[in-house]
Each structure stands twice: as C-alpha cells, then as structure tokens.
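User: I'm new to reading protein models and would like a close look at one part, the backbone in the loops. Could you take me through that slowly, and then move on to what lies around it?

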Amino acid sequence: MSDTTQKPADKKLRVLVLFNQVGEDWYEKLRQVDPKTLKFEPEYPIHVPTVAEECEDIARALRRAGYRARAYNLQNDLRRLERVLRRSRPDVIFNLVEFFHDDAGMEAAVAGVFDLYQIPYTGSAPFTLELCQRKGLTKRVLLDYGIATPRFKILEEPAVPAKFGLAYPVIVKPAWEDASAGVDERSVVYNDEQLGAWLPHVFREFDQPMLIEEFIDGPELHVSVWGNDPPLMLPPIEFDFSEMPEGHPPIVSYQAKWDPLSEVYHRVHTICPARLSKRVMRKVEEVAIHTYEVAECRDYARLDIRLKGNKPYVLEVNPNPDLTEGVSFMESAERAGHSFSEALSRIVEMAAERKPQSTPAPGTTPGQDWIPGPLPTAGTEPSEDAREE
Ligand SMILES: Nc1ncnc2c1ncn2[C@@H]1O[C@H](COP(=O)(O)OP(=O)(O)O)[C@@H](O)[C@H]1O
Ligand SMILES: [Mg+2]
C-alpha cells in the first residue's frame, strides 16, 4: 500500500480531458427536485454533478496542478475527435470515454483511435478495455491464473438449464455491461422458480448473454490499484450494508450506485480503509495486484471483490473506473494522502511516460493554438467549427 514514486510534473503538458456525453444529463433534471419531497430522510445530497461537470472538475484540478488542461466532449462524433487531435494535438489525453453511440463495447475502439494517432492517453489499452467488458471471459482468464472468482454460468437464453450446477442464491447480471446496469433488488434469486421468472425480464431489457453467479455473502470491497512498475494498492473501500431497506439484498445495485431519488442510495455507506486484519489485507492486496497484472491494466483500475471466509473472490475488473472527487478510486487515493489534483497529476505523468513511438501522424499539429478558446478554424470547414464551439 505504499506510495508511487512522485516525479516532478512537466507542468507545460497539454492535457485533453476527453469525455462523451450527448443529450440531457438526468442529474440536471434532478436539480428541480426538492429533497423535502422525498418519502425518506436522504443521507447524501440529491443534487450531484453531471458527467460534463465532473470532467470540467478534473480539468480544473489539473490546471490547479499546473497543466494546460481542458475538457472536451466527443459528442459521439469521430470527426470532431479527429479535428481536435489534428489541429491541436495534446501531449496527453485524459481518457474518460466510456461509451460511443451508447455502446460500452465501443469504449475500446475510441482508445484505439488514440493509439493510431500515437498520442499517449491515461488508463488501459483497447485490449484490456475490451476484455473486461466481457465479464465471463475475464473470469475464465482469472481462473486460469489461479485467481478465485464466484462459480458461474453464462446463459444465452432465458431458460433455467436442467443441470444447472450452481448453489443458490445466485445473482443475475448482464454479461457485457458495467456500472451495475441490470442489477437491482430482484437480481438475487433463491431457487429455480425465481430465476426462471426473472430471466425473461433481463433478457428483454438487455439483448446479450446473462452471467449467473453464486452469491458471495461476505463483505464487498472496492480495491483501487494504480501505477505500472510496480502497481500499488490504495486503501480498499468496504461497503456497509447494515442500513439497507427491507427486501433489498446487500448489493451495490444500480439504484444504490446512481439514483439519489431511491432510498437505497442513501442507505449504503463506505468505510475506508476496509476493516480487515493485516493478514486478510495482505491477501486482498496480493489478489488485487495479480488481477491487475493478469488483465494488463495500466495506470489505474478498480477491482470489485467479495470475501467468503476471508478468501477474496474477484467479481470484476474496472479498467476505466469513476474518478469523481471523493468517491470510489478518489476516496481511496485521498485516504492514502493524495489530494484530488495530485492523484490526477500522477495519472497524467504515468501516461506521459509512454512517449509516442514515432513522429506524429501526418497532418497533426503538435499543440498549436492550444488553450484556451475555440479550435482553430480551418479554411475548409468554417461553418462546422463555428457550430461545434
Ligand atoms: N457473485 C456476487 N456475489 C455477491 N454480490 C455480487 C456478486 N456479483 C455482483 N454482486 C453485486 O452486484 C454489484 C454489481 O456487480 P459487478 O460484478 O460489480 O458488475 P458491474 O459493477 O460491472 O455492474 C456488485 O457491486 C455487488 O454488490
Ligand atoms: Mg462493479
């Protein structure tokens, strides 16, 4: 759990904080809701930052640390991305893109564009982003390396197989999603009948295979790891489910994670560092770092782990986890003594060390007319540029 080596930052680096958000952000609408109208006592604020605001916060924190950083919304438009990379080439892309055209499977393809342009970017390479998007395949790889993960089956259709082979209770998760999509209080089922009733519903909503996993009843840990040589574990977060509303299993469901209008969002708490003995902490660290290496994670990642009888079981690998200030990865970083802007700076420096292997791609302009202000207007497409900025 020791520190990564701090290197002096090249404060002149131009950092493009890239995200992809189209349409209205639901959190914006939430601002009109008066917390007093809720039918329960909210523990946390219900007015939370939008994706765009979070990315602006990251750019601002990097500017505070001395970088020339700006946030840029990809807006599902590859030409828009190409224009910014060609005309105003950043030194480092801070990659916060999780979807393209609403498809989490395209996350890796976007990182592939940065590789083709030979621009260093934060976080994992396309291979890892792609692998971890396939939960079942990742679990098979982890098992092959001797890393424990809950016993599971992948179902291609909504029928309970005759020879099922798993011990109830089990949890049903869409196999290609993340961020708890498709996981709610009905996802934990206790017998064939309940499973059979739930499957058609999730298959209808998510047109993809389902991962059925044995439910691990022990503590849940979110374990952040960062660095490359060597990777290091940050103080893990433990979830406190002791105040869960009646009928909600002790899981981080979609509502618990994202919906401030739902009571369960206010009843799941975090404890950092997790309350583990030194021995168990060491075991968790060993498994987390091994998993990070096996999945070829780079710069930073978060492993979701549950303990059964003090043995860590890896639920999944998040190579592009939430970096909102004060939560998840950043809660652990803060606990280890790294301020938000310092933790972000370290991640930028890790990426910056991966210098492009050759000269910039033809047609790209290293960092001209960088910041602040609109993109330079090209003679060929003046009207489009005027529109996008
Ligand atoms: N096998 C399991 N046993 C107990 N809880 C689980 C299990 N799998 C998932 N969960 C719960 O569901 C949540 C979401 O599942 P996870 O595998 O992390 O997928 P994702 O976060 O990508 O949607 C976890 O944070 C955990 O609370
Ligand atoms: Mg998870």
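Analyst: Here is a walk through some loops, then a helix pair and the ligand shell. This is a predicted model, so to speak of local features we need pLDDT of at least 70, and side-chain atom pairs count only at pLDDT 80 or more, while totals for chains, interfaces and linings use all residues. Residues are numbered from 1 along each chain as its sequence is written, and chains are lettered from A and ligands numbered from 1 in the order in which they are written.

Let's start with the loop between β2 (68-73) and α3 (78-87), where Gln 75 sits. Helices here are DSSP runs of H or I with at least four residues, strands are runs of E with at least two, and both are numbered from the N terminus. Gln 75 is not a glycine, and yet its phi is positive, about 50°. Asn 76 is in the loop between β2 and α3 too, and this non-glycine residue has a positive phi of about 55°.

How exposed are they? Gln 75 has 13 C-beta neighbours inside 10 Å, so it counts as partly exposed. Asn 76 has 17 other C-beta atoms within 10 Å, so it is partly exposed. (With C-beta atoms placed from the backbone, 20 or more others within 10 Å means buried, 12 or fewer means exposed, and partly exposed is in between.)

Now for the cis peptide bonds. One joins Asp 229 and Pro 230, with omega about 5°, and Pro 230 lies in the loop between β8 (220-226) and β9 (232-233). Another runs from Cys 272 to Pro 273, with omega near 0°; Pro 273 is in the loop between β11 (269-271) and α9 (278-294).

On to the helix pair. α4 (residues 107-117) and α5 (residues 126-133) pack at about 175°, with axes 8 Å apart. Axes are lines fitted to C-alpha atoms over the stretch in contact, and angles run from 0 to 180 degrees between N-to-C directions. That makes α4 and α5 roughly antiparallel, a label for angles over 145 degrees.

Finally, the ligand. Around ligand 1 there are 19 residues, and the closest are Asp 178, Ile 216, Ile 251, Val 252 and Leu 315; being near means a C-beta atom, placed from the backbone, within 6 Å. β5 (170-174), β12 (300-308) and β13 (311-318) each give two or more residues to this shell.

Note on methods
Parallel < 35°, antiparallel > 145°, perpendicular 65-115°, else oblique.
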